[in-house]
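Please have the sequence and the model open as I speak.

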Amino acid sequence: MTKAGRGAERGANGGSDTHTDVRSPRFGQEGGELSYGSYLRVPELLRLQTLLSDPPAHDELLFIVVHQAYELWFRQVLFELETVRDRLFAGDVHPARHYLARIHAIERLLVAQIDVIETMSPQDFLAFRSNLAPASGFQSVQFREVEAVSGIKERGLAARLGGMPDEMARLERRFAEPTVWDAFCSLMERGGFPMPADDDGVRRRSLLAVAWAEDRSLWDVAEDLLTHDELFALWRSRHVLMVERQIGSKTGTGGSAGAPYLRSTLSKRFYPDLWDLRSHL
């Protein structure tokens, strides 16, 4: 270092070189009370994978980890959907689109995660499948919350989920609160495009006007919502194929018809108006 550089360093330290050996803790080291593991609760997290098979089936750990990861991502998707809904109600298009893009990235990850579970053969799954009954992925309350916040509210399913009281209370709250679609309709109305709940003809005309408008902002939001819908539908489709690959036409562990039931859900759409619009452009 040059003399000028050393002088500048002494000036920055507020005095002579005698102070340079006194080192204060770097950012994040004060007190030494927080670590990566303690912040993320890693020890507690790693204790949550409890195998039921005895002797332990090798692939049961994979099965648990994949589905716990799904639930963590569902939690994040719900957080982002709530924010998207609130931003759309407030007319803040840019942040809403930003968080929708994040949702899309997570949903692509959820689809790709099926590749991991498909490394488990049917024989591997059968080694522990009998221990899972009567539990079933059908009972994922957060999955139903994602549907409800997005725009599909099937209250009749709630009684069949068998969730804990706090889960069911949370789901009932989702059924009572506005959806992302409600927020988008509010944004359309703010822009002068009526979206009455009881007249799909009026909604179609408004969406057609937006589709051909010079200002693309509302159309871009509609396209982002459709991408969310499409990616979720893609996950449903890949999930059905995975189930068929694993158990064929067997009854599900929760007592459902298994793959045939899952196939009956493939036509679900969060935003049917946006899909129908394509036929009228």
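Predicted model: local features only at pLDDT ≥ 70, side-chain atom pairs only at ≥ 80, totals over all residues.

Let me begin with helix α9, residues 180-190, whose buried residues are Val180, Trp181, Ala183, Phe184, Cys185, Leu187 and Met188, where buried means under 20% relative accessible area, exposed means over 50%, and partly exposed lies in between, with a 1.4 Å probe and protein chains only. Residues are numbered from 1 along each chain as its sequence is written, and side-chain values use heavy atoms, with hydrogens and water left out. Helices (H or I, at least four residues) and strands (E, at least two) are DSSP runs, numbered from the N terminus.

What covers the buried residues of α9? The cover includes α4, α5, α7 (141-150), α10 (200-211), α11 and α13 (272-277). At the start of α9, a side-chain oxygen of Thr179 comes to within 3.2 Å of the backbone nitrogen of Trp181, and just after the helix Gly192 adopts a positive phi of about 95°.

Not counting residues up to four places away in sequence, Glu177 touches Arg85, Val149 and Lys153, contact being heavy atoms within 4.5 Å.

**Helix α5 between its partners**

Helix α5, residues 93-117, has 25 residues and reaches 37 Å from its first C-alpha to its last, close to the 36 Å expected at 1.5 Å a residue, the expected span being 1.5 Å times one less than the number of residues. Its buried residues, including Leu100, His104, Glu107 and Ile114, pack against α4 (60-90) and α11 (217-247).

How do these helices cross? The axes of α5 and α11 come within 10 Å and cross at roughly 15°, which makes α5 roughly parallel to α11. The axes of α4 and α5 come within 9 Å and cross at roughly 165°, so α4 and α5 are roughly antiparallel to each other. Axes here are lines fitted to C-alpha atoms, for helices over the stretch in contact, with angles from 0 to 180 degrees between N-to-C directions; under 35 degrees counts as roughly parallel, over 145 as roughly antiparallel, 65 to 115 as roughly perpendicular and the rest as oblique.

**Gln68 and the whole chain**

Within helix α4 lies Gln68, which counts as partly exposed because its relative accessibility is 27%. Gln68 and Gln49 are 19 residues apart in sequence and 8.7 Å apart in space, C-alpha to C-alpha.

Finally, the secondary structure of the protein comes to 13 helices and zero strands, and buried residues make up 37% of its 281 residues. Among contacts between residues at least 6 apart in sequence, 70% join residues at least 24 apart.

Conventions:
Polar contact = N/O pair within 3.5 Å; in protein donor to acceptor, adjacent residues only side chain to side chain.
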